[in-house]
Amino acid sequence: MKSSAVGIQSETHFKSVLMAYGILILHLVLIAAMGIMVLFFRGFIEYMIWVFLGGSTALAISAYHFYKRMKKEGKTLKEMLSTPMFRNRSVEISLLGGIASLKLGKPQSSHAAEGIDSQWIDTPRQLEDPLTARVRELAELAKLLENELITIDEFNEVKREMLRFRS
């Protein structure tokens, strides 16, 4: 009985010492990782001017190739942006992670590609007073009548129902 209690106690001590070594090793790994991060960012800061110059050079080369292609094809910037590759798309040039940006062309609505009239979808959602809603619905109804999509009898019937229902 006494020997089994001593065995359990020594096993508990062994696990505790093992846990202490594990925690110590974890702290050493954490300190080493922090040291590596300090060295990395210190090196990045020292070479930041070269990173900036490299990015600027890449941007200038891209702009030169675009300009060269534009002159080769004899087109203006507006004509280049109306090519099928850029048609109905906006082009945005963003510098320094979006601090400065240049946007050309009109923004494309996601609903326009789906063939959905975006007039009502893109408007901000607001509560509409009942009189304005009634006038808008009557105008839409009159538009249907003008386009001969409904007859005068259908127009009068729907108008009567709308006015009766809303009164």
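## The pair in helix 5

In this predicted model, R136 is partly exposed, with a relative accessibility of 26%. An α-helix has 3.6 residues a turn, so residues three or four places apart point the same way.

Helix 5 covers residues 130-146, 17 residues in total. From its first C-alpha to its last it reaches 24 Å, close to the 24 Å expected at 1.5 Å a residue. Just after this helix, E148 adopts a positive phi of about 60°.

## The pair in helix 2

R69 and E73 form a salt bridge with an N to O distance of 3.2 Å. Within helix 2 (residues 48-73) they are 4 residues apart, or about one helical turn. R69 is partly exposed at 42% relative accessibility, and E73 is partly exposed at 37%.

## The pair in helix 1

R42 forms a salt bridge with E46, the closest N and O atoms being 3.7 Å apart. Both lie in helix 1 (residues 2-46), with a separation of 4 residues, about one turn. R42 counts as exposed at 54% relative accessibility, whereas E46 is partly exposed at 47%.

## Salt bridges in the whole structure

Definitions and conventions: Residues are numbered from 1 along each chain as its sequence is written. This is a predicted model: local features need pLDDT of at least 70, side-chain atom pairs count only at pLDDT 80 or more; totals for chains, interfaces and linings use all residues. Side-chain values use heavy atoms; hydrogens and water are left out. Helices (H or I, at least four residues) and strands (E, at least two) are DSSP runs, numbered from the N terminus. The expected span of a helix is 1.5 Å times one less than its number of residues. A salt bridge is a side-chain nitrogen of Lys or Arg within 4 Å of a carboxyl oxygen of Asp or Glu. Buried means under 20% relative accessible area, exposed over 50%, partly exposed in between (1.4 Å probe, protein chains only).
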